[in-house]
Amino acid sequence: MSADWNAETYAAHFSFVPDYGREVIKLIKGEKLRVLDLGCGNGTLTKALADLGHEVTGMDSSDSQLALARRTYPQLEFVKGDATDFNFDEQFDVVFSNAVLHWIDGDRQPDMMLCVKNCLKKGGQFVFEMGGYSNNELIHEELQRQFEARGLKYVMPFYFPTVGQYSSLLEGTGLFVTHARLFPRPTPLEGDNGLEEWMKMFVRKPFEGIDADLCDEIRRAAAENLRGKLYTGGKWYADYVRLRMRAVKC
Ligand code: BEZ
């Protein structure tokens with residue numbers, strides 16, 4: 001969660017991330033609610049929530065994403081915060097989160113859920129989408145093969161739970177699941193090097209401490225081996241699987 005972003009590159013080439021999140025907003029029930037956008041990134045969806053009439057606060061741990069969000073939407077409130085350790089003086093009707101929660105290690109998920117629960121009013125909604133079980137499985141399996149072929153260890157940097165695993169955690173925290181869906185969403189990537197660029201942007205932790213040329217070689221070899229499965233009709237697709245849920249604080 002702590003790795004910082006190149007916010008401009010992210011906004012220019014990976015805008016599909018918030019674009020898909022617009023569907024998730026539709027799970028929020030009610031109007032003119034006080035909403036926390038947890039892991040708001042560059043604020044695209046914080047603005048979409050505000051445009052629907054909600055009173056919004058965006059929270060993120062990345063300085064570069066927050067700086068871009070504040071520059072782009074100076075009329076909105078953005079605060080810096082860690083998703084596993086935060087609190088607010090005034091509670092929210094909704095905590096919303098898109099494409100963020102899989103960055104939190106499994107053993108820190110209960111901390112995050114407790115923060116969410118504590119900052120929600122009674123009856124408040126936790127509405128989110130994240131990478132779900134088997135998300136990007138082909139990509140991570142191939143990267144693991146490439147690492148191991150070079151005597152390197154590939155440590156999976158994400159947490160992609162099943163509906164059952166995540167429902168148990170939520171309910172154990174006192175957040176009761178009212179909607180849950182796990183579904184594949186093959187996602188088109190930009191450009192001829194789309195998959196390599198995607199890996200460079202999103203899969204960074206396993207590559208830490210490895211020589212830059214070797215990193216490029218691994219990504220190139222992985223993409224070549226995945227071409228048969230993830231490149232069709234002149235386009236790269238990432239094998240995304242989404243976990244979309246709504247839970248309520250009782
Ligand atoms: C996701 O949104 O599922 C995701 C994005 C980047 C890396 C891993 C997962």
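Here, contact means heavy atoms within 4.5 Å. Keep in mind that this is a predicted model. With that cut-off, leaving aside neighbours within four places in sequence, Thr-57 is in contact with Arg-34, Val-35, Leu-36, Asp-37, Thr-46, Glu-77, Val-79, Phe-88 and Phe-92.

**Thr-57**
- You'll find Thr-57 in strand S2, which covers residues 55-60.
- Its relative accessible area is 4%, so Thr-57 counts as buried, the cut-off being under 20%.
- The side chains of Thr-57 and Glu-77 are joined by a polar contact of 2.7 Å.

**Helix H9**
- H9 takes in residues 212-230 and has a bend of about 35 degrees at Glu-224.
- The N-terminal end of H9 is capped by Asp-211, with a side-chain oxygen 3.1 Å from the backbone nitrogen of Asp-213.
- Buried residues of H9 are Cys-215, Ile-218, Arg-219, Ala-222, Ala-223, Leu-226 and Leu-230.
- The cover over those buried residues includes helices H6 (137-149) and H8 (194-202), plus strands S7 (231-232) and S8 (235-249).

**The second largest pocket**
- This pocket's volume is about 170 Å³.
- Two elements each give two or more residues to its lining: helix H1 (7-13) and H8.
- H8 gives the most to the lining of this pocket, with four residues.
- Residues lining the second largest pocket include Thr-9, His-13, Phe-14, Glu-197, Lys-200 and Met-201.
- By type, the lining of the second largest pocket has three nonpolar, five polar and four charged residues.

Terms used. Residues numbered from 1 in each chain as written. Predicted model: local features only at pLDDT ≥ 70, side-chain atom pairs only at ≥ 80, totals over all residues. Heavy atoms only, no water. Bend = angle between axes of the 7 residues up to and from the residue. Buried < 20%, exposed > 50% of the residue type's maximum accessible area, 1.4 Å probe, protein only. Polar contact = N/O pair within 3.5 Å; in protein donor to acceptor, adjacent residues only side chain to side chain. 1 Å grid on protein atoms, 1.4 Å probe; cavity = no way out; pocket = protein on both sides within 12 Å on 5 of 7 lines; lining within 4 Å. Points joined across faces, edges and corners; volume = space filled by probe spheres on them. Nonpolar A, V, L, I, M, F, W, Y, C, P; charged D, E, K, R; others polar.
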